[in-house]
Amino acid sequence: MTVQSIDYRLREYLNNIIYRPETAKLDRCGLQESENRLADTMDMLLKFILEERTFANELSSGNIQRVRLPSPENVICDPIKSVYGMLQHLIWLMDRITAGDYEQRLQFSNDLSSSFNAMLEHLVNLAYLSYHDRLTNLLNVEGFDEHCKILLENWPADDKYFLISININDFRRFIMLYGPEKADWVLVKVANFLRDICKNREICARVNADNFLCLLRGGSIHEIMIRLHDNEQKIHQFITFRSRLFHYGIYEVRDVHENLRKMRAYAMFAGANACSNTNGFSVFDDLLSKRYALENSILPLFIHALKNNEITVYYQPKIDSRLDVIAGSEALVRWILPNGEVMRPNHFIDLLEKNSLIVLLDFYVLRKVCQHIRSRLNHHQYIVPVSVNFSRVHMLDTTTVPHMLAILQEYNVDPQWIVIEITERVFFERMENMVKMIQCLRQVGFKVSMDDFGSSYSSLNFLKNIPVDEIKIDKLFFDDFDTDERVRILLSDVLTIANHLQLGVVAEGVETEDAVIFLKRQQYVMIQGFYYYAPMPEDEYNNRLDAIHIH
């Protein structure tokens with residue numbers, strides 16, 4: 001018995017229940033457990049419909065002349081024990097209103113029957129939509145899981161199954177460039193493309209946004225990758241946004257009884273790691289499995305780490321290119337694990353962002369920085385402005401700025417000592433929100449820095465539209481600084497433009513003497529990088545500041 005024939009029998013049974021209830025029957029031979037549960041519900045629906053039809057016929061033919069007051073076991077406010085009893089109660093109410101007028105009773109019967117049938121059709125539609133995506137008509141995640149169970153329970157011995165997570169590359173940017181209507185058109189095209197990919201005993205679904213899932217059969221991972229790659233070329237006649245339209249995460253199913261939610265998570269985790277791979281594929285192998293376990297152990301520990309001060313703030317000084325002294329710094333975080341191991345930000349920041357826990361970390365760091373500044377002010381010690389990174393997650397939250405001000409007021413720290421750093425890619429994603437947020441930050445006294453300047457293709461355009469105080473030149477400019485003359489020309493021009501716009505400039509990731517000499521010859525710039533200082537604990541940073549104060 002194939003999955004397709006079982007699905008057909010259930011759909012045919014439901015159709016007969018609605019339109020031919022007197023003859024509706026279902027042969028349950030070969031049905032799976034989940035399908036039998038669905039069939040039980042359909043049987044109950046058929047029973048209700050037949051009761052309604054019988055009652056309506058009796059009422060319209062005059063066989064029911066009077067309806068008695070319903071018994072206490074069947075009142076409208078109680079759970080309905082039968083459709084027949086509910087209808088008797090309604091007719092009794094109608095009798096009370098119409099004083100037994102037969103024509104009105106007959107009209108009421110017809111209206112009731114029509115309304116009941118319309119309700120049933122609506123319920124059928126709702127049942128369909130509960131398992132399907134409204135835009136693409138693909139299965140949704142609930143429908144995908146139900147069909148996966150059936151397919152895997154009937155797994156042919158000569159095949160392997162692979163769960164594939166499929167995402168559209170840079171889909172957010174596509175929406176920004178072409179608008180939501182064009183984006184919906186693309187999603188429908190992708191859905192049709194995935195339907196064409198799926199063969200017998202294979203399924204596809206849309207999980208959310210631009211995230212799709214497929215359960216495919218094949219002999220090996222390599223075979224699946226070739227099949228996906230070859231089929232992707234067919235869709236380029238409709239969509240040419242990227243040379244590689246998708247990135248894929250692949251999980252090989254090894255146990256039919258494995259939790260489907262976990263298998264989906266594995267495939268999607270691999271997909272998230274496929275963005276950085278040139279071929280667009282990532283397989284959930286042993287290495288990714290270890291990373292997945294690490295990341296999933298991080299989240300439960302994070303709140304505990306904040307409460308126990310296991311998250312430590314480090315400071316990386318910024319050097320005044322004219323005076324060669326510390327003129328500012330950036331607050332960075334290190335997670336000190338109970339075993340003494342130090343976890344660097346690239347191991348947990350993205351994960352915290354995805355789960356919106358980054359908000360807690362950002363405010364935690366701001367509080368630690370304010371404590372540091374207040375301590376030095378109390379001891380009449382030298383201080384410099386400190387940059388604090390704030391995530392994109394804050395940009396849609398109107399409580400962000402009041403919360404920041406409340407922390408500063410708690411420690412009596414003036415906003416002039418805090419520079420808010422926001423990464424450049426956030427400006428592209430939420431331009432309008434960013435402008436409003438920056439205006440608000442500057443109005444209350446903060447300075448705002450655009451981090452990673454130059455990492456986007458439209459960086460110069462941002463300078464025209466975004467009212468920041470400072471740009472932070474991305475370290476990629478200095479990776480090839482000593483060997484690429486064009487980098488030096490471009491840097492010189494950027495510094496000139498920033499000077500004309502009266503913007504502060506921080507050069508980040510500076511590690512060579514040639515780069516320092518070059519920057520010192522330009523307009524005023526602050527230099528941050530390993531050539532001068534690596535990020536350091538607060539005690540060491542305080543010693544560096546004290547040395548400046550002494551001289």
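This is a predicted model: local features need pLDDT of at least 70, side-chain atom pairs count only at pLDDT 80 or more; totals for chains, interfaces and linings use all residues.
Reader: How many helices and strands does the protein have, and what share of its residues is buried?

Author: Helices (H or I, at least four residues) and strands (E, at least two) are DSSP runs, numbered from the N terminus. By that count there are 20 helices and 15 strands. Buried means under 20% relative accessible area, exposed over 50%, and partly exposed in between (1.4 Å probe, protein chains only). Of the 551 residues, the buried share is 47%.

Reader: How do the axes of H6 and H7 lie to each other?

Author: Axes are lines fitted to C-alpha atoms, for helices over the stretch in contact, and angles run from 0 to 180 degrees between N-to-C directions. The axes of H6 (residues 171-178) and H7 (residues 180-197) come within 7 Å and cross at roughly 135°. Angles under 35 degrees count as roughly parallel, over 145 as roughly antiparallel, 65 to 115 as roughly perpendicular and the rest as oblique. That makes H6, relative to H7, oblique.

Reader: Which residues of H7 meet H6, and how many residues of this contact are charged?

Author: Contact means heavy atoms within 4.5 Å. From H6 come Phe-171, Phe-174, Ile-175 and Tyr-178, and they meet Pro-180, Lys-182, Ala-183, Val-186 and Leu-187 of H7. Ala, Val, Leu, Ile, Met, Phe, Trp, Tyr, Cys and Pro count as nonpolar, Asp, Glu, Lys and Arg as charged, and the others, Gly among them, as polar. The residues of the contact divide into eight nonpolar, no polar and, for the charged class, one.

Reader: Is Ala-183 buried or exposed?

Author: Ala-183 sits in helix H7. Leaving aside neighbours within four places in sequence, Ala-183 is in contact with Phe-171, Phe-174 and Ile-175. Its relative accessibility is 2%, so Ala-183 counts as buried.

Reader: Which side chain joins that of Glu-202 in a polar contact?

Author: Glu-202 lies in the loop between H7 and S2 and is buried, with a relative accessible area of 8%. A polar contact is a pair of N or O atoms within 3.5 Å; within protein, one must be able to donate a hydrogen and the other to accept it, and residues adjacent in sequence count only if both atoms are side-chain atoms. At 2.6 Å, the partner of Glu-202 is the side chain of Arg-227.

Reader: Which residue's backbone oxygen lies 2.8 Å from the side chain of Asn-231?

Author: Asn-231 lies in helix H8 (residues 221-235) and, at 15% relative accessibility, counts as buried. Beyond neighbours within four places in sequence, Asn-231 is in contact with Phe-193 and Ile-197. The backbone oxygen 2.8 Å from a polar atom of the Asn-231 side chain belongs to Arg-227.

Reader: What is the phi of Ala-209?

Author: Most residues other than glycine have a negative phi, and most peptide bonds are trans. Ala-209 lies in the loop between strand S2 (203-208) and strand S3 (211-218) and is partly exposed, with a relative accessible area of 43%. Its phi is positive, near 45°.

Reader: How far is the C-alpha atom of Val-448 from that of Val-419?

Author: Val-448 is in strand S11 (residues 447-453) and is buried, with a relative accessible area of 0%. Val-448 and Val-419 are 29 residues apart along the chain, and their C-alpha atoms are separated by 5.6 Å.

Definitions and conventions: Residues are numbered from 1 along each chain as its sequence is written. Side-chain values use heavy atoms; hydrogens and water are left out.
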